[in-house]
Amino acid sequence: MASLLTNCFIKIMTILTVLRFPDERLRTVAKPVTDFGPALQTQIDNMLETMYEAQGIGLAATQVNVHRQVIVIDLSEKKDAPLVLINPSFEVLDDEAFDYQEGCLSVPTFYDDVERPKQCKVKYLDYHGAEMTIDCDGLLATCIQHEMDHLNGIVFLDHLSRLKRDRVLKKIQKDAKAELVG
């Protein structure tokens, strides 16, 4: 029995707190990852668990108040195909713009169209630190660009007009007051 217990390994994951706009920590520019040790692996696993729990398709480390260049994405229907991008960079492959209605775990319940390049090439390090490159378009290109914005201290609302951004901020403030009263 003792040998069975020593061979068992239970991985405990933590649901992280997602920062909400207008929290100023969302404006922090993330630093490159240099240590690929166990702490990074735990961070990635916790980010994935948090993203799945929140029913999101992407999450940047900045959104959970960890200011390192780490992104997790999963666009699969069964939520069983995670993509981990560490220290990502991208180049636009096609100047054609693509409008997609974006949402954000840091700005819950608000969605709006954001125009971004339709196709891009992304270079990144994977979960184990291996160099990777992918060409992507459509939703994946949009999601990667959205999450990379977070690493640069940009929230998708920054792509909207000042009027729309101000409306969202007022609604968020109103909802926060209602929560305090209720």
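Tutor: Val 72 has Val 84, a residue of S3, standing opposite, and this belongs to the antiparallel pairing of strand S2 (residues 70-73) with strand S3 (residues 83-104), which runs over four bridges. Strands here are DSSP runs of E with at least two residues, helices are runs of H or I with at least four, and both are numbered from the N terminus; two strands pair if DSSP finds at least two bridges between them. The model is predicted, so that local features need pLDDT of at least 70 and side-chain atom pairs count only at pLDDT 80 or more, while totals for chains, interfaces and linings use all residues. Residues are numbered from 1 along each chain as its sequence is written, and side-chain values use heavy atoms, leaving out hydrogens and water.

S3 also pairs in the antiparallel sense with strand S4 (residues 107-125), here over 13 bridges, and within that pairing Glu 91 has Lys 121 of S4 as its bridge partner.

As for the setting, the chain holds four helices and five strands, which follow one another along the sequence as α-α-β-β-β-β-β-α-α. Its C-alpha trace spans about 65 × 50 × 30 Å along the principal axes. Of the 182 residues in the chain, 39% are buried, meaning under 20% relative accessible area with a 1.4 Å probe, protein chains only. Where contacts (heavy atoms within 4.5 Å) link residues at least 6 apart in the chain's sequence, 65% join residues at least 24 apart.

Terms used. Buried means under 20% relative accessible area, exposed over 50%, partly exposed in between (1.4 Å probe, protein chains only).
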